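Hi there,

Here is the structure I said I would pass on to you.

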Amino acid sequence: MSESVFAVPVSVSGKLSACGKFPCMNSPFTLKAFVLLLFSLAHEPLSGDETKPFQGRLHTTKPFQGRLHTIPGLIEAEHWDEGAADVAYSDVDEVNKGEPYREKTQVDIEKRSDASNGHGIGWTKSGEWLIYTVEVKESGTYDIQMPVASNKQGGTFRIEINGTDLTGEITVPDTGGWQTLKMITHKSVKLTAGTHKMKVVMIKSGESGSIGDIDYFRFIRKS
Ligand SMILES: [Ca+2]
Ligand SMILES: [Ca+2]
């Protein structure tokens, strides 16, 4: 639920109490606010997380098609969580410049025959991000393999787990063209067993004018 909806009943609470024990029902606005208040309390109980906007918003995303990503394993870049813009993902422009592969989205999905699952993400820009709900089966040290493509030197991105930087900046190299995927590997990240929110954050564009195309993230346990 968005913060703006939650703010409505709070702002009219004085008006509700002015009518005694029960809310005034003669005003459509007040009735709507009361219904919103009940809905907010039922679905969004206040907790410690609500004081932290970042963590508070993360729990509203859901795995794509109900399928939790598991680690070790392969996470398709195009299978970020379901949820609204700026909750499950953030994108710099409203249109999907690529393929209508999943529900209407602002994220740019590229159809490509050389990619796993026939799709990846493309047209990536600084400031964009994507959330993936993941279940780490075994605590340990992992390498992350990622097929990427870039025409000229690409940009940088990082991977976070529950809001903490996991990888530092990963650079997308010049792969010889947008249609040429090359595997890059980020080595030795430590993960703890459990369900986590993985966030891929686009940091800085490269000579290509973009960060790079990404096909998937494969987590391989090393120790
Ligand atoms: Ca877009
Ligand atoms: Ca893919």
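The largest nonpolar core has 35 residues, and Trp80, Leu130, Tyr132 and Phe217 are the ones with the most contacts inside it. By nonpolar core I mean a set of buried Ala, Val, Leu, Ile, Met, Phe, Trp, Tyr and Cys residues joined through C-beta atoms within 7 Å. Buried means that 20 or more other C-beta atoms lie within 10 Å of a residue's own; exposed means 12 or fewer, partly exposed is in between, and the C-beta atoms are placed from the backbone. At least two residues of this core come from each of strands E6 (129-136), E7 (140-150), E8 (156-161), E11 (177-191), E12 (194-204) and E14 (216-221).

Before going further, some housekeeping. This is a predicted model, in which local features need pLDDT of at least 70, side-chain atom pairs count only at pLDDT 80 or more, and totals for chains, interfaces and linings use all residues. Residues are numbered from 1 along each chain as its sequence is written, while chains are lettered from A and ligands numbered from 1 in the order in which they are written.

Now the overall picture. The protein chain has 4 helices and 14 strands; these are DSSP runs numbered from the N terminus, with helices (H or I) of at least four residues and strands (E) of at least two. Of the 223 residues in the chain, 32% are buried. Two residues are in contact if their C-beta atoms, placed from the backbone, lie within 7 Å. Among contacts with a separation of 6 or more, 70% are between residues 24 or more positions apart.

Which strands does E6 pair with? E1 runs parallel to E6, joined by 3 bridges, E3 (residues 89-90) pairs with E6 in the antiparallel sense over 2 bridges, and E12 is antiparallel to E6 with 8 bridges. Two strands count as paired if DSSP finds at least two bridges between them. For landmarks, isoleucine 71 stands opposite valine 136 in E6, tyrosine 89 has leucine 130 as its bridge partner there, and valine 134 stands opposite histidine 196 in E12. Leucine 130 also touches Trp80, Tyr89, Val107 and Val200, leaving out residues up to four places away in sequence.

E14 has partners too. It runs antiparallel to E2, with 4 bridges, and antiparallel to E7, also with 4 bridges. Phenylalanine 217 in E14 is the bridge partner of isoleucine 75, and arginine 218 in E14 is that of glutamine 145.

Next, take a look at isoleucine 161, which sits in strand E8. Is it buried, partly exposed or exposed? It counts as partly exposed, because it has 19 C-beta neighbours inside 10 Å. Leaving out residues up to four places away in sequence, isoleucine 161 touches Leu166, Leu191, His196 and Met198. Tyrosine 132 is 29 residues from isoleucine 161 in sequence, and their C-alpha atoms are 9.6 Å apart.

- Isoleucine 71 and proline 72 are joined by a cis peptide bond, with omega about 5°. Proline 72 is in the loop between E1 (69-71) and E2 (73-76).
- Asparagine 117 is not a glycine, yet has a positive phi of about 65°. It lies in the loop between E4 (109-111) and E5 (119-121), and counts as partly exposed because it has 14 C-beta neighbours inside 10 Å.
- Serine 188 also has a positive phi, near 60°, but is found in strand E11. This serine is exposed, since 11 other C-beta atoms lie within 10 Å.

Last, how confident is the prediction? The mean pLDDT (the predictor's confidence in each residue, from 0 to 100) is 83 for the chain, and 74% of its residues reach 70 or more. Over residues 1-25 the pLDDT stays under 50, and the model has 26 contacts beyond four places in sequence for them. Residues 37-56 are below 50 as well, with 14 contacts in the model beyond near neighbours in sequence. Where pLDDT is low, the predicted coordinates should not be read in detail.

Cheers
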